[in-house]
Amino acid sequence: MKKKKIGVYICHCGGNISDYVDVEKVRQAVEGEDIVFLAKTTMFACSDSNQREMVEDIKVNNLDGVVVASCSPKLHLLTFRNVSVRADLNKYTYVHANIREQASWAHSDNKTGATEKAIHLVKAAIAKSRYAEALETNKVKAIKSVAVVGAGVAGMKAAISLSDKECDVVLIEKESFVGGRVAQWDSLSTTTETGKEMISRLYNDLIKRENITILTNSEVIGNKGSVGNISLTIKKTPRYINGSCHPEDLKRAIAICPVEVPDEFNFRLTTRKAIYKNYPSEYPQTPVIDLKNCTRCGACEKVCPTVDFSEKEEILDFSVGSVLMATGFDSYTPAYGEFGYATLENVITLPQFKRLIDTQYGKLTYKGKEIKNIAYIYCVGSRQVDGENTYCSRNCCTSTIHAALTAKSKFQDINNFHFNRGLRTYGKQEILYADSLRSGDIYLQSYEDGLPTVTTEGKKTLVKINDILTNGRKMEVEADLVVLVTGMVPRADNSVGSLFKLPKGRDKFYNEIHMKLRPVETVIDGITIAGACQGPKNIAESVNSALSAATKSYSILSKGELETDPLVASIDPEKCTWCGACEAACPFDAILKVETDQKVIAEINNTVCKGCGMCAPVCEPDAINLIACSSDEIMSMIDALA
Amino acid sequence: MADLHKNSAKILVFSTEKISDPAIDMAGLLKLHYPPTVYTITIPCSSGIKSSWILHAYQKGFDGVFIAADGSDCVYGESCTEKTGRLVGKTHELMKAEEIDPARLRMAAICSVCSESFVKQIRSFNEYLLKTLHP
């Protein structure tokens, strides 16, 4: 066998690797390996300039393969396989070593240890490279259909975008109505359209499309398969309303219903009945009965003939090629007593304040008292020094200023006092800040070690701060209402995320593979993420990510087939004695019993074999190996790591 | 390497590409430290590990072998858990025959987000191996 010639590239990753791993030492340690023709370090292996250099190196030196030691293969395995292809090598001759996630970052507390480990990992990759052969990819059918989980603004826009691409869509919403958080807002900062109007427009577009199936009151409860063919099990809870409910009948049913429960749509500021719609133009138009709180008194049945308690829960099965997650966010709930929350009656959160100003006309009142002076305390539950939420929630500064301006324009004699820790009204949102300053809003600022305090003196509620904008001067505002500017937090109910095993980042939102290079993909093949389930975003940012995720999900399936690695099992006919153990172990019926001239042996059906390797350990004569994961390769890697 | 061995045993991890690899990568991303003498070899499925590979690792000087198993999340089907358990049982028998402490082979199901669980398992395994092999 001709001795191979390979090139080895060790990446600094800016400083992500080289701050902890001595990359030059790694290079020197591996340059003497017998098959290594050249070994280089590079600042960014993935950069265009380095990729061009690799192609040139391969062509000029007639290299047989390449090893790159850099970040996780989840991020750049395909990048460097493509470099090999551009240099006329088969992509399976490329071998990757992960010295960032599994060396420099995992052992940033031990630079010597990280460097030693990186050397061993690169040597193991070189050992594997000795066996790396040119292979042809397999092709499997991909179902051209995407499940979009969550029918908020991101999910709805993603569904429309996929539909435009002539891709079937199943839009699954856990709640009874579509629209998510945006349906809760009236006035929006960047458009004259209200949140409700935006959702109505999108819904009217969605229902015109034959290739979109909308499921409300529905939850994904099971999933099987993998990218290209994912089987979903969906539980659909009945609305207990059969057919179109006449608005007058609904009015009577709501009036007669004796149940009163806190209304989550209005952030518990008000109550609702067990039969309800959140607002008249809400979609779907059919109301819903909340059976958890319904007493089954039967009063609504008497006035509304469409009420039907005989409706049963449905279990639906759908097969899709990809899943796009757009499950949104929760608003941070302050701790008991945090800036007077739940202990003082005139302290509310920003979402509650927005619902309050949206639902009131004439005078702004809260709990019967007219509101004039409003104190906004920023970064409650965000940028925490002691708590878990260390991140900035991005959208709350703009949202607060917009709400404050809306209150000022809608009601008379409103005075806004903003107790902030530095404002982040980025981009065009700066215009709102300028409007707020012009309108006379007062801004008072502190660092995280001098947060404002909320106290009471008699019937007065006082918000105090040492204002750093006036050289630490003590300032005090008598507030009629204190608004805690709460940010976005990940959904408390993560059942669907757990089902798909979606990884979360440090902030506990779903994590993309790379924030710049692969911003809507997850490490689970075929699952993309969009909107605020990935991290705090405003509507425009959510929509942008939704369109990006829709395009990515579609691009996976667009050809109707997927290329899969040809890493199947192979049988050594000399060693095989046909005992049937491999046939029993194979979950895919990929093992055939064949008779040759001399004997009966096992044969692999390559079109069915998935490359799991379950057949290999049960083979007593050790006649089975996985391509690219053979005993020779694994043992040579163990030798290199030892 | 001698200095490293004072606080860390040499452990070979068999990890799966789609399930436990993401968890081990995320442990690095989150800077959840574990001994640097823990090395990972990626395979498609934990039920495809051969006993001969594990025995080879001990022969080459590894103190322990850890199988970061797919468990019930395995993309190749539910039989993975049972089959991986069977190969671990078989390997334990072979280890006993060669007078190798069977506790030097550990298996735990590591899902794609089980970074903390992985690090906890590895630290505990490291402590056991140091106590029994490098007291």
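Student: In this predicted model, which residue just after α2(B) takes a positive phi?
Tutor: Helix α2 of chain B covers residues 20-29. Just after α2(B), a positive phi of about 55° is taken by Lys31(B).

Student: How many of the 10 residues of α2(B) are buried?
Tutor: The buried residues include Ser20(B), Asp21(B) and Pro22(B). Their cover includes α3 (73-86) and α4 of chain A, together with β1 (11-16), β2 (38-43), β3 (64-69) and α5 (115-133) of chain B. The helix is largely enclosed by the rest of the structure, because the buried residues number 9 of the 10.

Student: Which helix supplies the largest share of the side of chain A that touches chain B?
Tutor: In the contact between the chains, 43 residues of chain A meet 43 residues of chain B. On the side of chain A, at least two residues each come from α4 (100-104), α5 (111-131) and α16 (631-641). The largest share is 7 residues, and it comes from α16(A).

Student: How many residues of that side of chain A are nonpolar?
Tutor: The side of chain A that touches chain B also holds 11 polar and 10 charged residues. The nonpolar residues number 22.

Student: Which strands stand at the edges of the open sheet of 5 strands in chain A?
Tutor: The order of this sheet is β8-β7-β6-β16-β29, with parallel pairing. Neighbouring strands are turned by 20° against each other on average, direction ignored. An edge strand has a single partner, so one of its sides is left without a neighbour in the sheet; this applies to β8 (212-215) and β29 (527-529) of chain A.

Student: What angle does the direction of α14(A) make with that of β16(A)?
Tutor: Helix α14 (residues 539-557) of chain A packs on the sheet and touches β6 (145-149), β16 (322-325) and β29 of chain A. The angle between the directions of α14(A) and β16(A) is about 175°.

Student: Are α10(A) and α11(A) roughly parallel or roughly antiparallel to each other?
Tutor: The axes of α10 (residues 350-359) and α11 (residues 396-410) of chain A come within 10 Å and cross at roughly 25°. This crossing is left-handed. Angles under 35 degrees count as roughly parallel. The two helices, α10(A) and α11(A), are therefore roughly parallel.

Student: How many residues of the contact of α10(A) with α11(A) are charged?
Tutor: From α10(A), Leu350(A), Phe353(A), Lys354(A) and Ile357(A) take part, and they meet residues of α11(A) including Cys396(A) and Lys410(A). The contact has 6 nonpolar and 3 polar residues, while the charged residues number 2.

Student: How does Arg424(A) count by its C-beta neighbours inside 10 Å?
Tutor: Arg424(A) is found in the loop between β22 (415-420) and α12 (430-438) of chain A. Not counting residues up to four places away in sequence, Arg424(A) touches Cys392(A), Arg394(A) and Cys397(A). Because Arg424(A) has 19 C-beta neighbours inside 10 Å, this residue counts as partly exposed.

Student: Which residue in the hairpin of β9(A) and β10(A) takes a positive phi?
Tutor: Strands β9 (residues 218-226) and β10 (residues 229-236) of chain A pair in the antiparallel sense over 8 bridges. The hairpin has 2 residues between the strands, and a positive phi near 100° is taken by Gly228(A).

Note on methods. Residues are numbered from 1 along each chain as its sequence is written. Chains are lettered from A and ligands numbered from 1 in the order in which they are written. This is a predicted model: local features need pLDDT of at least 70, side-chain atom pairs count only at pLDDT 80 or more; totals for chains, interfaces and linings use all residues. Two strands pair if DSSP finds at least two bridges between them. Helices (H or I, at least four residues) and strands (E, at least two) are DSSP runs, numbered from the N terminus. Axes are lines fitted to C-alpha atoms, for helices over the stretch in contact, and angles run from 0 to 180 degrees between N-to-C directions. Two residues are in contact if their C-beta atoms, placed from the backbone, lie within 7 Å. Ala, Val, Leu, Ile, Met, Phe, Trp, Tyr, Cys and Pro count as nonpolar, Asp, Glu, Lys and Arg as charged, and the others, Gly among them, as polar. Angles under 35 degrees count as roughly parallel, over 145 as roughly antiparallel, 65 to 115 as roughly perpendicular and the rest as oblique. A crossing is left-handed if the near helix is turned anticlockwise from the far one by less than a right angle, and right-handed if clockwise. A residue is buried if 20 or more other C-beta atoms lie within 10 Å of its own, exposed if 12 or fewer, and partly exposed in between; C-beta atoms are placed from the backbone.
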